[in-house]
Amino acid sequence: MSLINKAVRMSTPVKLDSADVFAGVARRVAVGAMARDPSSAFKFVELDHKDAYRQLHARNDGLCRCVVAEEPATGRVRFRMGRLSFGEAAAVVHYNAFAKVLARVVRRGLRLPLCQYYDDFAAPCPAGDDRALADVLELLQDILLTSFNEEKTAEGERFRHLGLVFTITSEGVEVAISAARRRGLVHMLEGVLARDSLSPGEAASLAGKLGFATSALFGRVGRVPLQPIFRRSNAATTFAGFRLGGDLEAALRWWMRTLAEDERCFRKTVPLQLVRPGEGTRYVLLTDACLFGLGAVIATISEGEVAAVEYFAHPVPQQGAGMTIHHLEFVAVTVAFRLWFGDEEDFAVSVWVDNDVVLGSLIQGRTRAKELRAPVHLFWERLARSRGNVWFDRVPGVDNIADLPSRLHHAWAGVPIRGILPTRRYVDQRVVDAAIAEVL
C-alpha cells in the first residue's frame, strides 16, 4: 500500500481548516442568525472519524474504478486496489483529500458549514437546531457508510479543538486556551528551565504545542519568542548538553510568565460587527525617523474626512547614536504608541511607515534584524494587553507627512509646518523622553 501511495501524484495541496478558518465560519453563522433574530444562541456539533487512516474497503461494485495497473495491449488487469489508498506512506494527504469530500458533502447536502481538521469534524449552528447532529450522522454513517466514535460525538455551547476553546457570544466568537492546556504547557516549561537543557526533539515538540497556543494569542504575540525554540529544534549537533542561555532561555521564560500570569493575552474575540471605511472614527498614525530625529503625526478619519490632530518631534538622544535607521524608525512607532495610546484599550488605528524592514516586522511580529527582535517582541506584548485593532501599511517617503517633524531639529529647524500637519505639538517632553528611554 505504501508503494502505491508513493506512485500517486497530487498537484493540488490539501489545506486544512485552521483555527482562524473555524472562527471565521462561526462568525459568519452568528452574523446571519443575529440579523434575523438578535437573541439567537448557538452551539457546536463535533465528530471524530473512526476509520481514519485504516484503508477503507472499496465496495464490490466499485472495484472497476480501482484498477492500478493493466496491460495496454490486452487490457488485462495486473493489480486492483480493494481499499482506499491511505496506507503508511503519504497517508496524510490521501486521507485528508477523502475527509474534505465528506465535509463538502455535508455542506452541500445539509447546508451545515462543517469544518475538517484531519479526522476531526465540527460545525457551528443555532442552538435550537435539534436535528443538526442526527442529520450529519445519518448522512455520513447510514448513507455514505462511514463510522464515527460515539464517545467523541457531541454538541454543546463550547467547542474544544487543539487545546483551544471556541464560544459564540453576542459580541463575537471568543477563542481561548483551555485551562488544562495552559497547565500542561507551564509544566513542560518548568521542567525545561529546571534542568537547563532542551534537545532538538524536545524543542520541536514544544514549538509545535506553543505554535497552536499562538492561535489564541492576540495579534502576533508569541511569534518572536517562538523563533529561538524553532532554531533549537533544527540544531544538527550536540553542544554543551543543549544548554539554554541567551535568546532561548529568555523566550522560554517569556512563555512561562505569560502562560502562568497573563490570561488576557490568551483570550481574543472575533467581533460580529467590523468597522468599515467611512463608519465611525478611526485614528491614523504616520511615523518617521532619520539619523538625528524622530517624528510622528496622529490624525482622525471620520465620514471619510482626514483631520490632523497632533504631532511630536524629538532629536535622537545620545543613547540612540549609532543605531541603524531601521531601529530608529521602529523606535518612532513605539514612542508614538506610548504617547497617544499608552492608557487606551480597544482602540482602532491605521499605522503608516515608509521603511519596508520595519513594516515587515510589524506585520509578521518577527524579524531577521537582531536589533529589532526585542523591540518587536515588546511592542506586540503591549499591544496584546491593550487589545488595539491595528492595521499596518506603507506610505511612500515623499508622501509621509511625519518626515517634517522628524527633521525639525536639523535641516527643517525653523521652517513653519503647513498643510495637513497640525499646529498642536506634543509638548510634555518629559513623557517623550521617558517613552524614548524605555524603548532604547
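So, the largest nonpolar core here has 40 residues. By nonpolar core I mean a set of buried Ala, Val, Leu, Ile, Met, Phe, Trp, Tyr and Cys residues joined through side-chain atoms within 4.5 Å. "Buried" is under 20% relative accessible area, "exposed" is over 50%, and "partly exposed" is in between, with a 1.4 Å probe and protein chains only. The residues with the most contacts inside this core are Phe-166, Leu-210, Ile-229, Leu-252, Trp-255 and Leu-259.

Before I go on, a word on the model. It's a predicted one, where local features need pLDDT of at least 70, side-chain atom pairs count only at pLDDT 80 or more, and totals for chains, interfaces and linings use all residues. Residues are numbered from 1 along each chain as its sequence is written, and side-chain values use heavy atoms, with hydrogens and water left out.

Which elements give two or more residues to it? On the helix side we have H2 (19-36), H5 (179-195), H6 (200-213), H7 (223-233) and H8 (246-261), and on the strand side S1 (42-48), S8 (164-168) and S9 (172-177). H2 gives the most, with eight residues. Those labels are DSSP runs numbered from the N terminus: helices are H or I with at least four residues, strands are E with at least two. There's also another core lying apart from this one, with 37 residues, among them Val-349, Val-351, Val-376 and Phe-379. As a general point, nonpolar side chains in soluble globular proteins tend to be buried together.

Let's zoom in on Leu-210. Leaving aside neighbours within four places in sequence, Leu-210 is in contact with Leu-185, Leu-226, Ile-229, Trp-255 and Leu-259. Contact, by the way, means heavy atoms within 4.5 Å.

Now the helix packing, starting with H5 and H6. Their axes come within 11 Å and cross at roughly 145°. Axes are lines fitted to C-alpha atoms, for helices over the stretch in contact, and the angles run from 0 to 180 degrees between N-to-C directions. On the H5 side the contact is made by Leu-185, Met-188, Leu-189 and Arg-195, and on the H6 side by Glu-202, Leu-206, Lys-209, Leu-210 and Ala-213. By class, that's six nonpolar, no polar and three charged residues. For the classes, Ala, Val, Leu, Ile, Met, Phe, Trp, Tyr, Cys and Pro count as nonpolar, Asp, Glu, Lys and Arg as charged, and the others, Gly among them, as polar.

H5 also packs against H8. Here the axes come within 9 Å and cross at roughly 145°. Residues making this contact include Leu-185, Leu-189 and Leu-193 of H5, and Leu-252, Trp-255 and Leu-259 of H8. The contact divides into 10 nonpolar, one polar and five charged residues.

What about H8 itself? It has 16 residues and reaches 23 Å from its first C-alpha to its last, close to the 22 Å expected at 1.5 Å a residue. That expected span is 1.5 Å times one less than the number of residues. The buried residues of H8 include Leu-252, Trp-254, Trp-255 and Leu-259.

Is Leu-189 buried or exposed? Leu-189, which lies in H5, is buried, with a relative accessible area of 0%. Not counting residues up to four places away in sequence, Leu-189 touches Leu-206, Leu-252, Trp-255, Met-256 and Leu-259. Take Trp-255: Leu-189 and Trp-255 are 66 residues apart in sequence, but 8.0 Å apart in space, C-alpha to C-alpha.

Moving elsewhere in the chain, Leu-102 is in helix H3 (residues 91-110) and counts as buried at 4% relative accessibility. Its contacts beyond four places in sequence include His-49 and Phe-121. His-49 sits in the loop between S1 and strand S2 (67-70), and is buried too, at 1%.

Then there's helix H9 (residues 325-341). Why call H9 largely enclosed by the rest of the structure? Because 14 of its 17 residues are buried.

Most residues other than glycine have a negative phi. Arg-111, though, has a positive phi, near 60°. Arg-111 is in the loop between H3 and strand S4 (115-117), and is exposed, with a relative accessible area of 70%.

And the whole chain? It has 13 helices and 15 strands, and 45% of its 440 residues count as buried.
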